[in-house]
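Student: I have a structure to go through and have not looked at it before. Can you walk me through it?

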Amino acid sequence: MSVLLRTQLAGVGRRPARLLLTGLAVLVASFVVYATVLAQQITERSVLNGLSGTPEATGVVVQNGDIRAADLAAVTALPGVAEAVTRTEAYVRTPGGELIVATDPGSGPLSTVTVSSGRYPQAPGEIAVTPRTVERMDLRAGTTVTVTTEEGGTQTLTVVGVVQPLEDIGLLAYSGLGTVQKLSPAGAQLNRIDVRLAGDGTGSGVPQEISKIFAGREGAPEIATGAETRLSEARAAADEIDQLFLVVRVFVAIAVIAAGLIAASTFRIVFAQRMRQLALLRAVGAGRGALARALAAEGALTGLVAGLTGVLAALALGHLIPPALSAAGIELSSPGLPLTQAALTVLLAVVITVIAVLAPAFSAARVAPLEALRSAAATGAKPGIGVLRTVTGLLFAAAAAGLAALVWNNLPGPDEDYTMAETMMLGVVASGGLAFVALIALGPVLVRPVLAVAGWPLRRLGPVGRLAIGGVGGSTRRAAAVSVVVALGVTLVTGVLVGGDSIRVLANREAVAAAPADFELRGPGGAALPAGLADTVRKNPDVTRVATYRWAGEATVGSLTGSAVTDVPMAQVPRLAGLDTESGSVTDLAPGKAVLSRIVADVDGLDVGDRVTVGLGGRQIQLAVAAVLGGEAPLHTGVLLDPADLTALGLPAAPTGLLADAAKSGEDGRTAALRSLRSVTAGQPDLAVTVLADQYDQITDALSVLLAVALALIGLTVLIAVVGVGATTALSVVERSRESGLLRAVGMSRSGLHTMLTTESALYGVIGAVLGVLLGVPYAWLAVSAIGLNAPLTLPGGQLLAVFVVLVALTALAGVLPARRAARVSPVAALSTD
Amino acid sequence: MKRQSAPVTGRDGTAAVAAVDLVKVYGTGDTAVRALDGVTVGFERGRFTAIMGPSGSGKSTLMHCLAGLDTATSGQVLLGGTDLTSQPDRVLTKARRERIGFVFQSFNLLPQLTAAANITLPLDLAGRKPDTVFLDRLIGTLGLAGRLGHLPSELSGGQQQRVALARALVSRPEVVFADEPTGNLDSRSGAEVLALLRDSARDLGQTIVMVTHDPGAAAYADRVVLLADGRPAGEIHQPDIASVAEALQNLAASR
């Protein structure tokens with residue numbers, strides 16, 4: 001070991017806290033980077049599992065074509081195939097309504113159901129039903145039911161168990177292929193075959209072998225990999241899936257940048273101290289090359305240890321969270337073990353640390369050794385920034401603004417076919433990154449103006465408050481270094497909150513318009529309901545808030561043809577009050593007025609107060625626009641009218657449908673209401689009862705997945721900010737123990753010093769939070785606009801205020817421990833610190 | 001220029017600050033070091049006293065204990081008749097703020113405060129308004145009039161030490177302690193600072209206790225107290241460079 005390396009390591013031994021804090025920054029950085037990689041995996045897997053009906057173990061899917069029962073055996077017999085199951089179903093009528101009997105292996109990795117009571121069917125004629133089916137159709141385990149097949153025959157089925165499917169639609173049973181085939185019309189084809197591959201399932205050539213089985217057949221089925229099928233199924237279930245994944249990936253990129261920034265800002269504070277020591281070594285004759293090698297070795301070692309620890313900690317956390325959340329009722333998938341990313345993260349940690357320890361060596365080499373020794377104590381006290389730094393900062397700020405303007409000018413129109421989401425989001429992230437570099441460069445200049453405003457009330461609090469402001473404002477570089485970390489955290493949290501709020505409004509808008517009530521009862525294509533039916537329903541105690549409405553397709557609105565129109569009474573359907581309006585107010589709806597969906601309004605560029613011609617079956621009336629909605633009008637229509645106007649258009653007075661809510665809440669109330677409505681419509685096969693409440697649940701379920709993702713991301717960002725601030729504050733206190741000693745010597749009390757240092761940390765938090773909100777809100781709005789979901793731009797003021805307060809409190813808290821330590825050290829010891 | 005043993009002063013009213021049988025032990029067991037081994041010494045009001053001794057003689061420790069920066073193992077420190085040794089930190093803090101001033105070897109100004117703010121820092125901490133007449137006189141005497149708005153990094157070493165001196169004097173403390181105040185200064189700036197210390201004792205009646213190992217600096221004092229191995233080793237009244245140097249040499253030879 002060289003003398004220099006030994007000197008460095010001896011220095012580490014003398015001041016382990018300093019290395020620990022340096023290493024901690026790298027540790028946290030690698031933890032955050034790797035945790036984000038794992039979070040991406042958890043999110044993508046959870047979303048796919050939630051939205052796709054194909055199990056993760058599926059290697060190959062054969063579907064959409066002429067698939068016969070014999071093919072299943074042929075596929076199963078292929079080498080490289082571990083298991084092949086079919087997914088197909090039969091439709092039968094029971095006394096309680098229609099029932100779907102689907103196939104499933106019942107166990108193993110390809111099963112999509114879990115048995116919750118009883119057992120899975122084995123013998124012919126046995127079925128297992130889903131919990132909702134038990135309730136709604138009264139099919140309990142142990143009962144038998146006589147069913148009518150599509151061909152008209154009757155069979156008796158025995159319910160032997162209850163199984164939980166991926167999605168419980170309430171008229172669903174499962175059984176083996178034999179039973180399902182007996183219930184299906186003769187010669188019915190299979191819907192699809194799912195194949196699980198043997199071994200690791202790659203490169204086995206199985207898809208080619210399978211395609212040989214179907215070769216030459218007319219209507220040969222499609223053969224796709226399980227991963228492709230899962231993704232396309234998820235896409236079909238939720239249009240936003242690609243955008244969601246994009247957001248998560250963008251977040252990974254931001255987290256990597258953030259982690260780098262924390263490490264950099266921590267190191268900047270260590271630099272001054274280090275520089276002095278290195279200058280001393282240079283002064284006594286250490287060569288520049290030897291010094292660099294010794295430092296690089298030390299840095300590489302620190303980086304390796306810190307990086308590995310961080311990655312392992314993230315891995316442990318990533319595999320602990322899903323089981324923990326599962327206990328709380330939230331289902332998340334476990335992440336895998338992405339080794340490449342792990343290796344890259346450790347490498348990143350090593351590189352960052354080596355650069356960080358080398359940087360002061362190069363700085364020390366540039367200045368004369370004696371000068372470096374003398375000025376070390378005064379670093380950080382210089383108020384301004386150099387010309388070069390100013391110019392660099394302004395250039396980066398200009399680049400950020402230019403890029404943001406470019407994105408702004410290319411934002412999509414409301415219903416434009418939009419394919420640039422990924423490029424645009426990259427633009428937003430790049431602009432944000434540039435803005436942060438500018439903030440780092442110009443930070444010291446920005447500290448004072450923010451402090452002047454934010455520190456005003458503190459000045460009234462006496463000398464301790466004034467000293468705290470003086471301490472922060474006097475060393476603007478240090479203040480900027482700490483505040484930038486807070487600003488980054490606040491920017492990310494603000495971004496997630498603003499984005500999340502926009503999506504919440506968007507989802508709520510969809511949910512309210514699609515499902516204004518629990519149930520909808522209507523005839524086909526706008527046919528009138530039988531006379532007296534509505535009154536019968538109203539008398540039923542199981543349902544409440546019954547509202548009748550009329551519906552007509554093929555209306556003309558301005559220059560748009562084929563729009564649906566309805567007169568759902570707003571007053572009688574309370575949930576419609578939650579409709580999101582772009583402009584105007586839904587309650588203004590009156591005879592002579594119309595509420596338009598956004599799409600309809602945009603065709604002719606209509607806004608509140610404009611006049612619009614609505615035509616139906618040859619008649620036309622002129623109406624004033626009362627409100628424009630953010631999305632669709634209720635019941636998937638384009639126009640909402642007053643009943644009088646619909647009558648004026650020549651629509652008969654008889655209602656075409658009705659909406660109703662269950663009288664009692666919960667699944668039982670819903671089931672009772674559904675049975676009542678079915679009994680009312682019994683014998684009238686044209687009338688359909690739709691459980692809108694189930695749709696509403698699905699949308700809110702999807703929302704809660706999004707919310708869980710957002711919460712995890714918020715958790716990570718808060719972690720970044722708090723640990724970053726904790727480390728930098730602790731370092732700043734360590735570096736300034738001399739000042740603390742002096743203040744104690746000239747008569748500041750222990751509690752006064754404690755208060756002053758804590759106030760200083762809180763002030764770092766205030767400056768950072770102000771800068772963070774100022775950057776975060778515009779960028780979040782830009783990102784929400786750029787992603788092309790037509791989501792509204794919202795400002796969740798209360799939540800932002802809470803974030804502000806919490807972050808300032810956390811930064812103050814991060815300063816409490818170091819402040820306590822500093823206040824406890826005796827003045828003599830503090831003054832003698834070098 | 002006669003040597004005599006230190007008088008036991010303290011409660012008689014003439015001493016501004018006094019140590020009575022003061023003992024300070026660092027560490028425990030085999031590694032214990034007796035930095036002060038029963039020191040009894042008084043410092044007269046309105047006079048400029050220097051504490052001298054070879055390295056490790058305990059002179060800095062004595063000053064730290066006298067100033068309430070450090071607590072003694074046993075014995076008493078009497079500041080104007082108050083015993084500081086058994087006081088809680090709150091009382092010591094108040095004493096440092098209102099009754100004691102400091103000048104350090106390395107200036108120890110707060111880098112983020114201007115010269116003016118550094119000077120009035122102890123008054124600010126005590127929540128007191130400075131006596132503007134006295135403050136102006138002080139600033140004039142110390143030649144700081146044009147430098148009040150500067151940050152410490154914009155001042156020379158001598159100017160920084162004069163700011164530190166103004167900070168020590170502004171609250172008119174009972175005692176100003178100076179710890180090697182010229183150690184970091186060139187000889188001309190050092191001489192200026194020492195002359196200012198002597199003048200504030202002479203003209204303002206300020207009690208000053210200075211620790212130094214430089215006979216030239218000690219020659220500015222009214223009296224020199226010698227310390228060796230944690231014990232008093234005589235004193236010199238109206239010292240000059242030659243007498244102080246000789247006394248130090250005798251101390252070194254007798255060990």
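This is a predicted model: local features need pLDDT of at least 70, side-chain atom pairs count only at pLDDT 80 or more; totals for chains, interfaces and linings use all residues.

Student: Start with chain B. How many helices and strands does it have?

Tutor: Chain B has nine helices and eleven strands. It counts 255 residues, and 51% of them are buried.

Student: Okay, sheets. What is the strand order in the open sheet of four strands in chain B?

Tutor: The order is β3-β2-β5-β6, and the pairing is antiparallel. β3 (33-44) and β6 (82-83) of chain B each have a single partner strand, so they stand at the edges and one side of each has no neighbour in the sheet.

Student: How many bridges are there between β2(B) and β3(B)?

Tutor: Nine bridges, in the antiparallel sense, with β2(B) covering residues 15-26. Within that pair, A19(B) is opposite V41(B) of β3(B).

Student: Which helix lies across those strands?

Tutor: Helix α1 of chain B, residues 59-66. It lies across β2, β3 and β5 (74-79) of chain B, and its direction is at about 120° to β2(B).

Student: Changing topic: helix α5 of chain B. Which of its residues are buried?

Tutor: In α5(B), residues 132-142, the buried ones are L138(B), I139(B) and L142(B). Looking down the axis of α5(B), they fall within an arc of 95°, so they line one face of the helix.

Student: And what is on the face turned away from that buried side?

Tutor: That face of α5(B) carries the exposed residues V133(B), D136(B) and G140(B).

Student: What do the buried residues of α5(B) pack against?

Tutor: They pack against two helices of chain B, α6 (157-169) and α7 (187-204). Just after α5(B) comes G143(B), which has a positive phi of about 65°.

Student: Now chain A. Strand β12: are its faces covered or open?

Tutor: Both faces of β12(A), residues 519-522, are covered. F519(A) and L521(A) are buried on one side, and E520(A) and R522(A) are buried on the other.

Student: Which strands does β12(A) pair with?

Tutor: One partner is β21(A), residues 657-662, joined to β12(A) by four bridges and running antiparallel. In that pairing L521(A) is opposite L658(A). β12(A) also pairs with β22(A), residues 688-691, over four bridges and again antiparallel. There R522(A) is opposite A688(A).

Student: I also marked G178(A). Where is it?

Tutor: G178(A) is in helix α5 of chain A, residues 177-183. It counts as partly exposed because it has 16 C-beta neighbours inside 10 Å. G125(A) is 53 residues away from G178(A) in sequence, and the C-alpha to C-alpha distance is 8.6 Å.

Student: Last topic, the contact between the chains. How many residues does each chain put in?

Tutor: Chain A puts in 21 residues and chain B puts in 24. On the chain A side, α15 (463-474), α22 (737-745) and α25 (827-831) each supply at least two residues.

Student: Which element of chain A gives the most?

Tutor: α15(A), with four residues.

Student: What classes of residue make up that side of chain A?

Tutor: The side of chain A that touches chain B has ten nonpolar, eight polar and three charged residues.

Conventions:
Residues are numbered from 1 along each chain as its sequence is written. Chains are lettered from A and ligands numbered from 1 in the order in which they are written. Two residues are in contact if their C-beta atoms, placed from the backbone, lie within 7 Å. Ala, Val, Leu, Ile, Met, Phe, Trp, Tyr, Cys and Pro count as nonpolar, Asp, Glu, Lys and Arg as charged, and the others, Gly among them, as polar. A residue is buried if 20 or more other C-beta atoms lie within 10 Å of its own, exposed if 12 or fewer, and partly exposed in between; C-beta atoms are placed from the backbone. The arc is that of the directions from the helix axis to the C-beta atoms. Two strands pair if DSSP finds at least two bridges between them. Axes are lines fitted to C-alpha atoms, for helices over the stretch in contact, and angles run from 0 to 180 degrees between N-to-C directions.
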